[in-house]
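Subject: Structure for you to look at

Hello,

I am passing on the structure we talked about, and I would be glad if you opened it before reading further. My notes follow below it, so that you can check each point against the view on your screen.

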There are 2 protein chains.
Amino acid sequence: IQFGERLALGCSQVQLGFRHESRDQRFTVYVMQLSNCGALCLPADQKMYVRVVVLPCMETTRCLFRTRSFMPQDTTEVNEVFGMQISQSALRQKTLRVDVCNTSKSGHEQCLAGAQISLADVSCSEERCTKWYNLLSRVYMSEISSK
Amino acid sequence: IQFGERLALGCSQVQLGFRHESRDQRFTVYVMQLSNCGALCLPADQKMYVRVVVLPCMETTRCLFRTRSFMPQDTTEVNEVFGMQISQSALRQKTLRVDVCNTSKSGHEQCLAGAQISLADVSCSEERCTKWYNLLSRVYMSEISSK
């Protein structure tokens, strides 16, 4: 796909929800849905999934999660929920990476596009807050170094 | 530096400001200050700078900017401003990458840590809005693939 055509497709988006419950120090990430998946330029008939990582990650804590795989539609409902034990003050030092990935023919994970969200001001305490985030294609990231 | 020591340093943060003026379709990014620069683990006596990119980037528009270089202090005032011509609807499809970089001995740009900000809901129209963002070290990004 040419650069111009890719730009014309616009960007894909992911809808995420967050919640931090102070009582049991639990942070929950809701991967809700994806929109405009055509802009991901996934090869035909290939499944994809969403990978969620809370970084930096202590080795003793689980911080990496993957949804089931699904065939992309223009709007794709994901509706998966991941949780981890963490205090609010520790959470404010973290960054969430959310990537749309697939598995290459050689079996490697390849990430097509992603969002990175600073959790410095996570204010969604007891109530879940949701928001749409643009997914930045890896293609554009690699273009920077040539400028 | 060991992984555990690095974690104990916490994360560096960057304070950014945004403004979109609808009248002249101008988007302005204010790189205001950096905090906790020690967590960047920059080699002693090395200068650094901040690189700002609005992605995806049309070839006809300037979308990559760099601040002057400076010696990191614990809190470093940057106070530089970058602007580009863009409509609000185009801006909502963009993602801002902000990286703290230095120049290696071989003259290459190397980025130590960064933030990525979806501009899907930039609502800072006529008034400038400012916010602190966690900077995620590149060290942690490369760790994901091994999990």
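Between chain A and chain B an area of about 3000 Å² is buried, and carbon and sulfur atoms give 61% of it. Please keep in mind, here and throughout, that this is a predicted model. At this interface 35 residues of chain A are in contact with 35 residues of chain B.

How is chain A laid on chain B? A turn of 180°, with a shift of 0.0 Å along the axis, places chain A on chain B with an RMSD of 0.0 Å, and this is the relation of a two-fold axis.

Next come the charged pairs. Side chains of opposite charge can pair when their charged atoms come close. Over all chains, a search of the whole structure finds 16 salt bridges, and across the interface of chain A and chain B the rule finds 2. One pair that joins the two chains is Asp121(A) with Lys131(B), whose closest N and O atoms are 3.1 Å apart. Within chain A, Glu109(A) forms a salt bridge with Arg51(A), and here the closest N and O atoms are 2.7 Å apart. Because Glu109(A) lies in strand S7 of chain A and Arg51(A) in strand S3 of chain A, this pair ties together parts that are 58 residues apart in sequence.

Which strands supply at least two residues each of the lining? From chain A they are S1, S7 and S8, and from chain B they are S7 and S8; S8(B) gives the largest share, with 6 residues. Sorted by kind, the lining residues divide into 17 nonpolar, 10 polar and 4 charged.

Finally, a few details of the backbone deserve a careful look. The peptide bond from Leu55(A) to Pro56(A) is cis, with omega near -15°, and Pro56(A) has its place in the loop between S3 and S4 of chain A. In chain B, the peptide bond from Leu55(B) to Pro56(B) is also cis, with omega near -10°, and Pro56(B) sits in the loop between strands S3 and S4 of chain B. Gln25(B), although it is not a glycine, has a positive phi of about 50°, and you will find Gln25(B) in the loop between strands S1 and S2 of chain B.

With best wishes

Conventions:
Residues numbered from 1 in each chain as written. Chains lettered and ligands numbered in written order. Predicted model: local features only at pLDDT ≥ 70, side-chain atom pairs only at ≥ 80, totals over all residues. Heavy atoms only, no water. Helix = DSSP H or I, 4+ residues; strand = E, 2+ residues; numbered from the N terminus. Nonpolar A, V, L, I, M, F, W, Y, C, P; charged D, E, K, R; others polar. Least-squares fit on C-alpha atoms with pLDDT ≥ 70 in both. Contact = heavy atoms within 4.5 Å. Buried area = accessible area lost by both parts, 1.4 Å probe. Salt bridge = Lys/Arg side-chain N within 4 Å of Asp/Glu carboxyl O.
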